[in-house]
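Subject: Structure handover

Hi,

Here is the structure for your files. My notes follow below it.

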Amino acid sequence: MSEPILKVKDFSVDFWVDGLWYPAAIKMNFELHPGKVLAIVGESGSGKSTTALGLMDLLASNARRSGQVLIKDVDMINVKSSTLRKFRGKEVAYIFQEPMTALNPVYTIGFQIVETLRNHFDMGPKQARSRAIELITMVEIPSPEQSFDKYPHQLSGGQRQRAMIAQALACDPGLLVADEPTTALDVTIQAEILDLMRSLKDRLNSAILLITHDMGVVADMADEILVMKDGLTVEHGSSDQIFNRPKHPYTTELLAAVPKLGSSRKRVLKVARDAEPVLKMRDVTIVYPKRGRIPAFTAVKDFSLDIFPGEIVGLVGESGSGKTTVGKAAIGLLPIKSGSLEIVGKDISKASQKELFTIRRHTGIVFQDPASSLNPRLPIGESIGEPIFLAKLAQGDELNKKVEDLLEQVELPRSYRNRFPHELSGGQRQRVGIARALALTPDLLIADEPTSALDVSVQARFLDLLLDLQDKLKFACLFISHDLAVVDILAHRIAVMQNGLLVEEGERDQILNSAKDPYTQRLIAAVPVPDPAEQRKRREARLAGKR
Amino acid sequence: MKIRRKSKEQALEELTIESGENAIANKEVEGLTQWQIIRRRFFKHKAAVASLIFLTFIIVFVFSAVDANFGPIKTKGWWKWSPDDLPDLRFGDCPNDTIGCPTISIVPKFLGGAGIGLGEHPFGQDDIGRDYFSLVMKGTQRSIQVMFIIGFFAAIIGTVVGAVAGYYRGIVDNVLMRFTDFIITIPAVIVGSVIGAKFGNLGAIILAVYLGLFAWTGLSRLVRGEFLTLREREFVDAARVAGASTRRIIFKHILPNAVGVIIVSVTLLLSGAILLETALSYLGFGVVPPDVSLGLLINQYQDAFTTRPFLFWYPGFFIVSIALSINFIGDGLRDAFDPRQKRKITKKEKQNARAIARNQA
């Protein structure tokens, strides 16, 4: 076996906060050989990104590193910053989560690749340009010559991530650190990027340190897996061992929390569809009006959907498909251009401001981003109580009592009424979001990707809570998500959207088992499965399909 | 079954220690309200706290030294002279045969000085013998009053214009911002001198109000920018869904989140205001005699520059120290309101931490 390129011994990172050192990663030990992929898995806050950034001293100034990190037998802890700079980019390259923020928006991608090249090699501009074009070709960005002169905003999300990979690969690094490389991407693009990373790794024989929380991605890529929790290594083993014979209960728990397609508990799916639908959309078209030089944009076209009382409908699609727009229109936050949209029998498109007020009492919405959906300057009790207060249903002590009841309903302590959003974790904030949405016991709940910002284990608990509440309160729900596996757990019916059009709609099992539309089929096929063997099979099928 | 069942308290406890993405970074702010966090950050900024204490001291000192009016309430000063008194002009005991030199002494006797003490006229006397200390105190009172009045009006107008423009966008925004641009293009000194020439004789307070009507432009642009980003946040949508009126959304939901920007820029606006007042008064367009202000004092005695420079020093000292301490306070507030500002760890703190770690081990 070849010499490992990365050796980490007793590596710890601490952060200095308010007079004390807090450990973020404790005594990490691992090795990485060329051509291999080591995945570090864990929930947010477990210290996986800290470890990855700590290898090359990319941490904030209040961090302290100790132990040993050897890259090509050079210690990276007690090292001059000039040596460190030489290693960064040349020997160790990073791929970050969000390509839009990791690439500099005022320079073309070609310029940024050339910059990396000329920092490390004695290279003329012409030579660097041709090498950069070669790299852009390698990462399969269409028409490399033209793409060289494009700015990051002119590329799609997937292409941006490819450009970042090209930049990372510019100096043929021995070690590639990929920090959540596909989290910001849609599933179909995620599959392509993972394929690309795998083929490049094989071609260049570099090692990859993969940081992710997505078990499906891990199953697809990793040779070895390291599970982290609260800064500690919980389990370390081969991919096969971790997935099939996990030793530590936390690993088991983590694996169990991953939603799997088609394996959900079979809930009773009978919903009476003879009643009047709670939400009735007929040929709804939504247009974002022209603003300045930006032309008007049709986000949703001829969209029809019914939701009956007590029914959960999952709305699935990739980013930009218009699913959030539908959700916002359904609650009257966006005007519709044509068609009709009825909530509990009242047409929202023709409603006056006053009527809208009463219609909204029948609806509630849970937003995507728990960090931005609660007013940071208001205690959460006030946020939850606001709909009740404004509907003039209760005031003073009575209102406080109601708020506390709602908190209890979403399994939060009653005393949390006076806390502020920043004191809560993401999962807790999202529960507050539900409590607020349910404050007026609505007939219709719109949930706009409520779990996309949450860890898998937190997500599992959140989905359980939502199902329990739905069982109890029997509200109808439009659940918007990009994750088919999540929708599979919840929904009675599934609607699939692409580019503002409703592609397919039907019973859950019918969609998941026998989808008719090719787009739906592609979407289902691209969902990563937390099982290495299954992933390999699909990968081969995908590659065969390509050829 | 008994073992598997967790008590409710246990389950709740687990919830509270749920680790989040910023669990470590949030250690510093655990269990504190937003205002407590801001206060703590502010008090860690040493220059700002020192400036705050210094400014408070100056204000209390100045307003208690000579007679002051707070609207209908009149207070008596503890200083023996008032600006209207006409004591005898001192001759002879001054260096270089000047008249009415300051009697304040800060060099102690054992260092060869006259000992620490105020004397009869600590800041000296003006041409006709008036006590310069009481004049400077009166002038500082005026300047501080003018400064706060300008700040108050500019803050209110700037916030409202910026909030309305940022919230409604579109045509409202366009009209208001073009109007703002129009105001900005007129140089402050010209506006000030026109206003001063027209309303200066109505008294310093009226003048300050009019100046406030022109000082809000920078603030309104900042507030507008803040509103433009905040109105896209999801909690604004959530409030709208909850049935909140536009007024409630602006004042209850968005404005408290923009208050950081407002406080910081109003503070910095204040130091600009005191400088504007002194500049205008110096040019003769601001406060007019018999009233006094710091700028006016400098203007009146500019001929004395070569022979009796102390007539410059004292008003100058108050102008500079007030403007400087307000700027430091603004700096501290900006740091306190900006969560991205991370304090640097000093060497000493690192050593302390190491010592603690050693003791624990």
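First, a definition: a residue counts as buried if 20 or more other C-beta atoms lie within 10 Å of its own, as exposed if 12 or fewer do, and as partly exposed in between, with C-beta atoms placed from the backbone. Helices (H or I, at least four residues) and strands (E, at least two) are DSSP runs, numbered from the N terminus.

This is a predicted model: local features need pLDDT of at least 70, side-chain atom pairs count only at pLDDT 80 or more, and totals for chains, interfaces and linings use all residues. Residues are numbered from 1 along each chain as its sequence is written, while chains are lettered from A and ligands numbered from 1 in the order in which they are written.

**The chains**

Chain A has 21 helices and 20 strands. Its C-alpha trace spans about 70 × 55 × 45 Å along the principal axes. The radius of gyration, taken over C-alpha atoms, is compared with a globule rule of 2.2 Å times the number of residues to the power 0.38. For 547 residues a compact globule would come near 24 Å, and the 25 Å of chain A agrees with that. Of the 547 residues in chain A, 49% are buried.

Chain B has 13 helices and two strands. Of its 361 residues, 37% are buried.

Contacts here mean C-beta atoms, placed from the backbone, within 7 Å. Take the contacts between residues at least 6 apart in sequence: in chain A, 69% of them join residues at least 24 apart. In chain B that share is 67%.

**Helix α9 of chain B**

How many residues of α9 (234-241) of chain B are buried? Eight of its eight residues are, so the helix is mostly covered. They are Glu234(B), Phe235(B), Val236(B), Asp237(B), Ala238(B), Ala239(B), Arg240(B) and Val241(B). What do they pack against? On chain A, the partners are α13 (353-360), β16 (363-366), α14 (380-390) and α16 (426-437). On chain B, they are α8 (217-230) and α10 (246-283). Just after α9(B), Gly243(B) takes a positive phi of about 100 degrees.

**Strand β16 of chain A**

β16(A) is one of the elements that α9(B) packs against. Thr363(A) and Ile365(A) point one way from this strand, Gly364(A) and Val366(A) the other way, and all are buried. Two strands pair if DSSP finds at least two bridges between them. β16(A) pairs with β17 (444-448) of chain A in the parallel sense, over four bridges. Ile365(A) has Ile446(A) as its bridge partner in β17(A).

**The six-stranded sheet**

Chain A has an open sheet of six strands, in the order β6-β7-β8-β3-β9-β10, with mixed pairing. β6 (92-95) and β10 (232-238) stand at the edges with a single partner strand each, so one side of each has no neighbour in the sheet. Axes are lines fitted to C-alpha atoms (for helices over the stretch in contact), and angles run from 0 to 180 degrees between N-to-C directions. Neighbouring strands of this sheet are turned by 15 degrees against each other on average, direction ignored.

Both faces of β6(A) are covered: Val92(A) and Tyr94(A) are buried on one side, Ala93(A) and Ile95(A) on the other. β6(A) and β7 (175-179) of chain A pair in the parallel sense over four bridges. Tyr94(A) stands opposite Val177(A), and Ile95(A) stands opposite Ala178(A). Helix α11 (249-257) of chain A lies across β9 (224-229) and β10, at about 100 degrees to β9(A).

**The four-stranded sheet**

A second open sheet of chain A has four strands, in the order β2-β1-β4-β5, with antiparallel pairing. β4 (63-71) and β5 of chain A pair over two bridges. Ile71(A) stands opposite Val74(A) in β5(A). Helix α1 (48-55) of chain A lies across β1 (6-17), β2 and β4, at about 75 degrees to β2(A).

**Domains of chain A**

Domain bounds come from an automatic or database domain assignment. For chain A it gives domain 1 (33-57 + 80-257), domain 2 (262-362 + 442-529) and domain 3 (381-440). The C-alpha centres of domains 2 and 3 of chain A lie 25 Å apart. Their contact takes 13 residues from domain 2 and 13 residues from domain 3. On the domain 2 side, the largest share, seven residues, comes from helix α17 (456-473) of chain A.

Best wishes

Notes:
Contact = placed C-beta atoms within 7 Å.
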